[in-house]
Amino acid sequence: MRTDGVLISKQVDELHEKEAGVLAYRRCLKRIAAKDRTRKEIYDWITQNTECDIDTVNHIVEKLEEKGYINDERYCSEQIVRLKAALAGRDKIIRTLKKHGLPYELIVEKLDQNTDGDVENAETFGQKVVNSHREESTRKLKNMVTAKLIQQGYSTEIAKATAEHLDYTRNEDHEMDNLRKCSYKAKKRYERKYQGTDLRNHVYQYCAAQGFDSEEIYTVMDEMDWNV
């Protein structure tokens, strides 16, 4: 390995690269032991945190795959189960897994193989929204449920269908009480700036925007004291 007693520069570089590759491989194992990673996550980490050349990076990633330490298909399936348990919808699952570097086609394929519980999960999530908003009008609450389901990644079709048949009994039973609270809140908000008809109009508009029924709004407003 020596020429005139001196290690050839090319061989020194090769030894350094092998050493860097061994160290990078060991560090990858530690990262994977702490948390599962995708192929792209490992590839990006090596290129950003080591001086390994592209051939070494590819060799490390391939070796990790051969030994089963990284497996995008397994990772994708497991993460879909986890995200569904957290009541995430299809679109949110796709967005989340794409951020981890998984191919869109793989995500969709695995989602199509696991459609169980989608409607039930939407209903569970929607009912949580209902139960956490006690003072909203039923109409506004339905719209809120639809919007939050869509934000959670459910399709518009599932979101609307779910919002229509959830249990709103508690809100319906307290609709008038909620409307009274809303009316007095609006009156307090506007009475420093408006009086008389202008004040009544602003209170009405505020309550209507909250989804309360027009006739019920007038009924409650007739009960109120408008002497400011």
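Tyrosine 206 is buried, at a relative accessible area of 13%; buried means under 20%, exposed over 50%, and partly exposed in between, with a 1.4 Å probe and protein chains only. This is a predicted model, in which local features need pLDDT of at least 70 and side-chain atom pairs count only at pLDDT 80 or more, while totals for chains, interfaces and linings use all residues. Residues are numbered from 1 along each chain as its sequence is written, and side-chain values use heavy atoms, without hydrogens and water.

Now the rings. Rings of Phe, Tyr and Trp (its six-membered ring) pair if their centres lie within 6.5 Å; planes under 30 degrees apart are stacked, over 60 edge-to-face, and the rest tilted. The count comes to three aromatic pairs. Tyrosine 190 and tyrosine 206 have ring centres 6.4 Å apart and planes at 70°, so this pair is edge-to-face. Tyrosine 190 lies in helix H11 and tyrosine 206 in helix H12 (residues 196-209), so the pair ties together parts that are 16 residues apart in sequence. Helices here are DSSP runs (H or I, at least four residues), numbered from the N terminus. Tyrosine 190 is also buried, at 19%. Tyr190, Tyr206 and Tyr194 form one aromatic cluster.

Which residues make a stacked pair? Tyrosine 204 and tyrosine 218 do, at 4.9 Å centre to centre with 15° between the planes. Tyrosine 204 is in helix H12 and tyrosine 218 in helix H13 (residues 214-223), so parts 14 residues apart in sequence are tied together by this pair. Tyrosine 218 is partly exposed, at 44%.

Next, the largest pocket. A pocket is an open set of points on a 1 Å grid over the protein atoms alone, where a 1.4 Å probe fits, with protein on both sides within 12 Å along at least five of seven lines; lining residues have an atom within 4 Å of a point. About 170 Å³ of space lies in the largest pocket, the volume being the space filled by probe spheres set on the points, which are joined across faces, edges and corners. Its lining includes Tyr206, Gln210 and Phe212. Helix H11 (residues 175-190) gives the most to that lining, with four residues.

Last, helix H2 (residues 39-49). Here Ile42, Trp45 and Ile46 are buried. They cover an arc of only 95° around the axis, which puts them on the same side of H2; the arc is that of the directions from the helix axis to the C-beta atoms. An α-helix has 3.6 residues a turn, so residues three or four places apart point the same way.

Technical notes. Helix = DSSP H or I, 4+ residues; strand = E, 2+ residues; numbered from the N terminus.
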